[in-house]
Amino acid sequence: MIAPTLTLERRLLKEHAIVIACDEVGRGALAGPVAVGAAVIDPVRSRKRVPPGLRDSKLVPEPRRPEVAARAAAFVQHSAVGWASSVEVDEIGIIRALGLAAVRAIADLRAHGVVPEEAVVILDGNHDYITPAGEAGLTVRPVVKADRDCASAAAASVIAKVARDTLMTGLHDDLPAYGWARNKGYASPDHREAITAHGMSVHHRHSWAIAAAPTLF
């Protein structure tokens with residue numbers, strides 16, 4: 001299994017004061033919000049050892065994610081999670097909702113003293129959805145597989161994943177028929193069966209062709 005490193009972050013820190021890495025979770029879910037995690041690496045942190053077990057959240061076994069997320073949060077200078085609700089996904093579409101969630105995560109960092117304009121923003125993927133959402137003054141660098149290769153993006157990934165999983169488990173307590181504690185809002189067979197039996201809840205993405213969405217579990 002490939003372990004993420006700080007190689008890219010160290011290179012970028014030669015030209016920028018800090019690195020902010022962003023990664024999203026919940027993009028393909030049928031229910032619940034999308035979340036974007038943001039993690040800050042400064043020159044001091046870039047020289048530290050990557051926390052043991054830190055990986056892209058998809059590669060960390062679910063029972064271990066909370067402890068890995070805690071280590072990641074302690075490792076980075078600051079971290080934040082921004083959200084866009086299922087209603088917002090319906091209203092503006094998934095890409096703009098991701099941008100909105102990222103803007104909110106960056107605003108959280110700003111409230112804690114981070115100056116995003118001094119940063120280079122590593123964004124997992126190949127598309128900059130942050131700049132069109134209103135953060136025009138930032139230097140955004142999309143990096144394919146950043147959550148796999150860059151420790152900062154892996155930290156953002158697992159922090160956001162644990163935050164969203166916790167939220168979906170809480171929603172499960174209110175609407176247990178959909179099995180969100182298990183499927184976290186994604187297209188599992190039991191989730192589909194519950195939608196067929198009970199219809200969609202307020203937390204479902206009503207604009208999506210849910211019947212045609214691929215089953216992921």
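Colleague: Helices here are DSSP runs of H or I with at least four residues, strands are runs of E with at least two, and both are numbered from the N terminus. With that settled, where is Pro 33 found?

Modeller: In the loop between S1 and S2. Keep in mind that this is a predicted model.

Colleague: Is Pro 33 buried or exposed there?

Modeller: Pro 33 counts as buried, because its relative accessibility is 9% and the cut-off for buried is under 20%.

Colleague: Let's step back. How many helices and strands does the chain have?

Modeller: Nine helices and five strands. Starting at the N terminus, the elements go α-β-β-α-α-β-α-α-β-β-α-α-α-α.

Colleague: Why call the chain as compact as a globular protein of its length?

Modeller: Because its radius of gyration is 17 Å, close to the 17 Å that the globule rule gives for 217 residues. Along the principal axes, the C-alpha trace spans about 55 × 35 × 30 Å.

Colleague: What share of the residues counts as buried?

Modeller: 51% of the 217 residues. As for the accessible surface, the chain has about 9700 Å² of it, and 56% of that belongs to carbon and sulfur atoms.

Colleague: How many residues are in the largest nonpolar core?

Modeller: 32. Val 19, Ile 41, Leu 54, Ile 122 and Val 158 are the ones with the most contacts inside that core.

Colleague: Which elements supply at least two residues each?

Modeller: Helix H1 (7–12), S1, strand S2 (34–41), helix H3 (65–75), S4 and helix H7 (151–174). H7 gives the largest share, nine residues.

Colleague: Let me look at Val 19. Which residues does Val 19 touch, leaving out those up to four places away in sequence?

Modeller: Glu 9, Leu 12 and Leu 13, then Ala 39, Val 40 and Ile 41, plus Val 120, Ile 122 and Ser 152.

Colleague: What lies apart from that core?

Modeller: Another core, of 25 residues, including Ala 38, Val 40, Val 121 and Leu 138.

Colleague: New topic. Which residues does the UniProt "binding site" annotation cover?

Modeller: According to that unreviewed entry, Asp 23, Glu 24 and Asp 124. They are spread over 102 residues of sequence, yet they cluster in space, with a largest C-alpha distance of 7.9 Å. The lining of the largest pocket includes Asp 23, Glu 24 and Asp 124.

Colleague: Where does Glu 24 lie?

Modeller: In strand S1 (residues 18–25). Setting aside neighbours within four places in sequence, Glu 24 is in contact with Ala 35, Val 36, Leu 98 and Tyr 129.

Colleague: And what is the place of Asp 124?

Modeller: Strand S4 (residues 119–124). Asp 124 counts as buried, at 16% relative accessibility. Beyond four places in sequence, Asp 124 touches Cys 22, Asp 23, Val 143, Lys 145, Ala 146 and Asp 147.

Colleague: I see Lys 145 on that list. What about its phi?

Modeller: Phi of Lys 145 is near 65°, a positive value in a residue other than glycine. Lys 145 sits in the loop between strand S5 (139–143) and helix H6 (146–149), and it is partly exposed, with a relative accessible area of 46%.

Colleague: Then Lys 184: buried or exposed?

Modeller: Buried, at 5% relative accessibility. Lys 184 has a positive phi of about 55° although it is not a glycine, and it is found in the loop between helix H8 (180–183) and helix H9 (189–198).

Colleague: Last one. Where is Asp 56?

Modeller: In the loop between helix H2 (43–46) and H3. Asp 56 is buried at 6% relative accessibility, and, not counting residues up to four places away in sequence, it touches Asp 147, Arg 148, Ala 154 and Ser 157.

Notes: Residues numbered from 1 in each chain as written. Predicted model: local features only at pLDDT ≥ 70, side-chain atom pairs only at ≥ 80, totals over all residues. Heavy atoms only, no water. UniProt positions renumbered as here; feature names shortened; annotations may be inferred. 1 Å grid on protein atoms, 1.4 Å probe; cavity = no way out; pocket = protein on both sides within 12 Å on 5 of 7 lines; lining within 4 Å. Contact = heavy atoms within 4.5 Å. Buried < 20%, exposed > 50% of the residue type's maximum accessible area, 1.4 Å probe, protein only. Core = buried A, V, L, I, M, F, W, Y, C linked by side-chain atoms within 4.5 Å. Rg over C-alpha atoms; globule rule 2.2 N^0.38 Å. Areas by Shrake-Rupley, 256 points an atom, 1.4 Å probe, with all protein chains shown as cover.
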